[in-house]
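Please keep the sequence and the 3D view at hand while reading.

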Amino acid sequence: MRVKVAAIQMAVGEDETDNIAKALHQVTSAADAGAQIILLQELFSTPYFCKDQNPDFLTLAQSRESHPALLAMQKLAREREVVLPVSFFERANNAFFNSLVVFDADGSDLGLYRKAHIPDGPGYQEKFYFSPGDTGFRVFDSRYGRLGVAICWDQWFPEAARVMALQGAEILFYPTAIGSEPQAPEINSRGHWTRVMQGHAAANLVPVVAANRVGREIGQESEITFYGGSFISDATGALIVHAEQEETILYADLDLQALAAQRLEWGLFRDRRPELYAPILTLDGSPRHE
């Protein structure tokens, strides 16, 4: 089975309705180009509000059932017969999550993932807004393949990628929002960010699709210039295509049947020794405390 994937990289403005309309246009363009699974960046319907700790931004959260970005993308998925992992700011009663829903090519809701790893640092103060996700890592069976989807800071953790691969993910997708460090403008982590996900691909023999945002966003306390740098890698971690700091759409054709055969031939999953990995369940690397 061959599938064409796309990653959309775009800047956003202050108006949520305009941002959703722009995203719909970009997804439509990708569908016109033949893409079957199309990834938008993290929290694409609003500016990245986590630059500041401001309780007013909590009003941006909406339920899974009523969020305008979800409603619009679900309709488009059905009309264009594309698979869409859609990032959104979720309110669930008194809880708030950085979440994602996957819509299948008939518009059906395949399920919810809530971001597991929540960062906290200058410019990226997500712990003020989001509780740690409680869904566990998930994969989604779609018309065009079995998707593993995690969100931004999750991409730095090889455990998340490995779990999704163990669950049968054929492609890993990461919507993200990463850019400059407000407290240390001399730091540029874009290369590190790219390479860690290339490592996930190589270690699991699964292609990776990453969609980041671009543009300069100014908050009350800090500002961030987002790196762009979206990319699609092959199953060895080599970059098939990557972006710079412009608005663009990336494409790649993947042969899922050939990739499945490659994973079997290498024996990486056959030769795993999970009985030796108990220390990974601890914070300090000790299998037990005596």
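About 12,600 Å² of the protein chain is accessible surface, and carbon and sulfur atoms hold 52% of it. Accessible areas come from the Shrake-Rupley method with a 1.4 Å probe, and for residues only the protein chains shown count as cover. This is a predicted model, in which local features need pLDDT of at least 70, side-chain atom pairs count only at pLDDT 80 or more, and totals for chains, interfaces and linings use all residues. Residues are numbered from 1 along each chain as its sequence is written, and side-chain values use heavy atoms, with hydrogens and water left out.

**Overall fold**

- The protein chain has 5 helices and 14 strands; these are DSSP runs numbered from the N terminus, with helices being H or I of at least four residues and strands being E of at least two.
- The protein chain is as compact as a globular protein of its length, because its radius of gyration is 18 Å, close to the 19 Å that the globule rule gives for 290 residues. The radius is taken over C-alpha atoms, and the rule is 2.2 Å times the number of residues to the power 0.38.
- Along the principal axes, the C-alpha atoms fill a box of roughly 55 × 50 × 40 Å.
- Of the contacts in the protein chain with a separation of 6 or more, 69% join residues 24 or more positions apart; a contact means heavy atoms within 4.5 Å.

**Charge**

- The protein chain carries 25 positive and 38 negative side chains, and the centres of these two sets are 5 Å apart.
- Lys and Arg count as positive and Asp and Glu as negative, while His and the chain ends are not counted. The place of a charge is NZ of Lys, CZ of Arg, CG of Asp or CD of Glu.

**Burial and cores**

- Buried residues are 52% of the 290 in the protein chain. Buried means under 20% relative accessible area, exposed over 50%, and partly exposed in between (1.4 Å probe, protein chains only).
- The largest nonpolar core has 46 residues, and V5, I37, I171 and F173 have the most contacts inside it. Such a core is a set of buried Ala, Val, Leu, Ile, Met, Phe, Trp, Tyr and Cys residues joined through side-chain atoms within 4.5 Å.
- Not counting residues up to four places away in sequence, I37 touches V3, K4, V5, A6, V83, Y144, L147, I171 and F173.
- A second, separate core has 26 residues, including A6, A23, A31 and V86.

- Q9 is in strand β1 (residues 2-9) and is buried, with a relative accessible area of 0%.
- Beyond four places in sequence, the contacts of Q9 include Q41, N212, V214, G228 and G229, and also E244, Q245 and E246.
- Q9 and K75, 66 residues apart in sequence, are 21 Å apart from C-alpha to C-alpha.
- R2 also lies in strand β1, but R2 is exposed at 54% relative accessibility.
- R2 touches Q36, D253, L254 and D255, leaving out residues up to four places away in sequence.

**Loop residues**

- L43 sits in the loop between β2 (37-39) and α2 (68-80). Its phi is near 50 degrees, a positive value in a residue other than glycine, and L43 is buried at 2% relative accessibility.
- L205 is in the loop between α4 (190-204) and β9 (208-211). L205 has a positive phi of about 55 degrees although it is not a glycine, and at 4% relative accessibility L205 counts as buried.
- P119 is in the loop between β5 (109-114) and β6 (139-142) and is buried at 10% relative accessibility.
- P119 and F140 are 21 residues apart along the chain, and their C-alpha atoms are separated by 25 Å.
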